[in-house]
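Hello,

Here is the structure I promised to pass on to you. Please have a look at it, and my notes follow below.

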Amino acid sequence: MPTMFAAAGVDDLVKTGGSCRVSADVKPRFKPGAKVLVRNINPVSHTRLPQYVRGKRGVIQHDHGVFVFPDTNAVLNGEKPQHVYSVMFSARDLWGAEAPEKDKLYIDLFDDYMDPIP
Amino acid sequence: MNGIHDLGGRHGMGPIDIDPGQPIFRADWERRMFGMFILAFAGGHFNIDQFRAAIELMHPAEYLESDYYEHWLHSLEAWCKANGSLTEQEIEDRVQKLAKGDA
C-alpha cells in the first residue's frame, strides 16, 4: 500500500482488507535462528514496538517479507521498506521467573527494531 | 509513543473478548464510521500509520472509556481538522442539529 491510498482501490480494500506489504528489493538483516536484542527506543511518535519486548533477547523464527515501516510513514518521513519477522521470546525473559518455563511469545517485529547478538 | 494504547502485559484490564460470533458492527453508527474512514483514507486525508498515531494521542482516560470505532472517529476528526477540511465549529453545529432531530 502506498503512502497515500488511491480511490481506485476502495472496493478491494473493503473486500479483502489492506496490506502494507511492498515489492521493494530490500535485503534482510536477519535469518531464521538468529539471536537478536530488541532496541530500547522510546519515540514520542508512532511505533509498532511494544514496551514489553524492548531490551529483551529473542530468536528470529520466520521472515514475513518486506513492508512499509510505520514509524517513519506515520510522520511522512518515507516508507523505508524493510523486512518484518516473527520473533520468539521466552515467557520468563519477558515476565520473570514465575512465568511458565516452556511458554513462548511470538511477535512480529520490523528489521529496524533489532540488533544482532553475536 | 509510550501511550495508554500499549497495554501488553498490563494487569486489571479484564478478560479479552475472543468470541468469534461477535458482530462486526455493534451499532449502525459503527457501520457508518467504517464507511467514513474508507472514504477519508481514499481521499488522501491520512495514511494508515498517521491514522493510528492520532488515536494514540487521545487523552488516556478518554481512550480507555471509549469504543473501538470512537477511536476511529477521534482520528478522522483530528486529521480533517489538521488539514483544514473540517472545523470544530462545523462539528459542533452538526451535533446541535442532530440533538434537535434536525439533521
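Let me start with the two chains together: 16 residues of chain B are in contact with 20 residues of chain A, where contact is defined as C-beta atoms, placed from the backbone, lying within 7 Å. On the side of chain B that touches chain A, the elements giving two or more residues are helix H1 (28–42) and helix H2 (48–56) of chain B. H2(B) gives the most, with 6 residues. Sorted by class, that side of chain B has 6 nonpolar, 6 polar and 4 charged residues. Here Ala, Val, Leu, Ile, Met, Phe, Trp, Tyr, Cys and Pro count as nonpolar, Asp, Glu, Lys and Arg as charged, and the others, Gly among them, as polar.

Please keep in mind that this is a predicted model: local features need pLDDT of at least 70 and side-chain atom pairs pLDDT 80 or more, while totals for chains, interfaces and linings use all residues. Residues are numbered from 1 along each chain as its sequence is written, and chains are lettered from A and ligands numbered from 1 in the order in which they are written.

Now to a loop in chain A. Most residues other than glycine have a negative phi. Leu76(A), however, has a positive phi near 55°, and Lys80(A) has a positive phi of about 40°. Leu76(A) sits in the loop between helix H2 (70–73) and strand E3 (82–90) of chain A, and Lys80(A) is also found in the loop between H2 and E3. Helices (H or I, at least four residues) and strands (E, at least two) are DSSP runs, numbered from the N terminus.

Leu76(A) is partly exposed because 13 other C-beta atoms lie within 10 Å, and Lys80(A) is partly exposed with 17. Partly exposed is the range between buried (20 or more other C-beta atoms within 10 Å, placed from the backbone) and exposed (12 or fewer).

Best wishes
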